[in-house]
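Okay, thanks everyone, I'll keep this short. Let me put the structure up, and then we'll walk through it together.

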Amino acid sequence: MITTEQTEKLRGWFAGRLPDDLFEELTEITVDREEITVIGRIPAPRLAEDAPAAEREAALESRAQEFRERTREDRMAVAREAEHRFRRKVSWGVECGGRRTLFTHVAAPVMTRLRQPERQVLDTLIAGGVARSRSDALAWCVRLVQRHTDDWLTELRDSLEHVQRVRSQGPDTEPGSAPHTDEE
């Protein structure tokens with residue numbers, strides 16, 4: 001797990017490294033063991049106030065696609081540096097006109113052993129058309145739990161961060177030494 005301080009340093013690195021004109025605002029950086037996702041706000045296309053919803057959606061989709069193509073070289077240069085420095089893949093996305101679009105993102109396999117009752121839950125989701133495969137069904141379950149337990153998960157992450165701080169002060173660490181981070 002990455003600490004709040006490490007996340008802040010990561011965000012600072014990207015804020016300092018990204019070209020000034022890439023995003024209107026760097027809105028979010030998320031990180032896990034495999035991936036760093038960088039999301040920034042880009043200007044919405046100018047449309048008439050009474051533009052139909054279909055026109056608005058098409059314009060937002062086109063703006064995100066134009067940004068992706070136009071900034072590919074700059075984003076990939078930053079990603080190469082970050083992947084070397086932080087040992088994680090970098091994924092990109094934009095927010096435009098209230099809509100979020102991810103360009104690339106890692107789909108990491110997760111190994112698990114499920115007994116028959118758990119497999120039956122996944123198979124029911126497939127039969128009901130909620131998912132195409134057991135992997136999709138498991139991802140759907142994780143998103144459902146995440147949506148309904150955000151407060152609890154936040155508290156758990158905060159507790160884990162506290163545990164890491166306490167461990168770093170243990171007898172096996174040298175006085176004045178900083179705990180090891182993935183940034184080294």
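So, a disulfide here is a pair of cysteine sulfur atoms within 2.5 Å. This is a predicted model, by the way, and by that rule we count zero disulfides in it.

Next up, the core. Which residues have the most contacts inside the largest nonpolar core? That core has 25 residues, and the ones with the most contacts inside it are Phe 14, Leu 18, Phe 23, Ile 36, Val 38, Val 90 and Trp 92. As for who contributes, at least two residues each come from α1 (4-17), β1 (25-31), β2 (35-41), α2 (53-70), α3 (72-86) and β3 (89-96). In soluble globular proteins, nonpolar side chains do tend to be buried together.

Let me zoom in on Leu 18. Setting aside residues up to four places away in sequence, Leu 18 touches Phe 23, Leu 26, Val 38, Val 78 and Trp 92.

Okay, aromatics. How many aromatic pairs does the structure hold? Four. One of them is Trp 13 with Phe 14, an edge-to-face pair at 5.0 Å centre to centre, with 85° between the planes. Trp 13 also pairs with Phe 86: their ring centres are 5.4 Å apart and the planes sit at 85°, so that's edge-to-face as well. What I like about this one is where the partners sit. Trp 13 is in helix α1 and Phe 86 is in helix α3, so the pair ties together parts 73 residues apart in sequence. Put together, ring pairs link Trp 13, Phe 14 and Phe 86 into a cluster. Trp 13 and Phe 14 are both buried, and Phe 86 is buried too.

Last stop, the strands. Follow β2 with me. On one side, β1 and β2 run antiparallel, joined by six bridges, and a hairpin connects them through three residues. With β3, β2 pairs in the parallel sense, over seven bridges.

How values were computed: Residues are numbered from 1 along each chain as its sequence is written. This is a predicted model: local features need pLDDT of at least 70, side-chain atom pairs count only at pLDDT 80 or more; totals for chains, interfaces and linings use all residues. Side-chain values use heavy atoms; hydrogens and water are left out. A nonpolar core is a set of buried Ala, Val, Leu, Ile, Met, Phe, Trp, Tyr and Cys residues joined through side-chain atoms within 4.5 Å. Buried means under 20% relative accessible area, exposed over 50%, partly exposed in between (1.4 Å probe, protein chains only). Helices (H or I, at least four residues) and strands (E, at least two) are DSSP runs, numbered from the N terminus. Contact means heavy atoms within 4.5 Å. Rings of Phe, Tyr and Trp (its six-membered ring) pair if their centres lie within 6.5 Å; planes under 30 degrees apart count as stacked, over 60 as edge-to-face and the rest as tilted. Two strands pair if DSSP finds at least two bridges between them.
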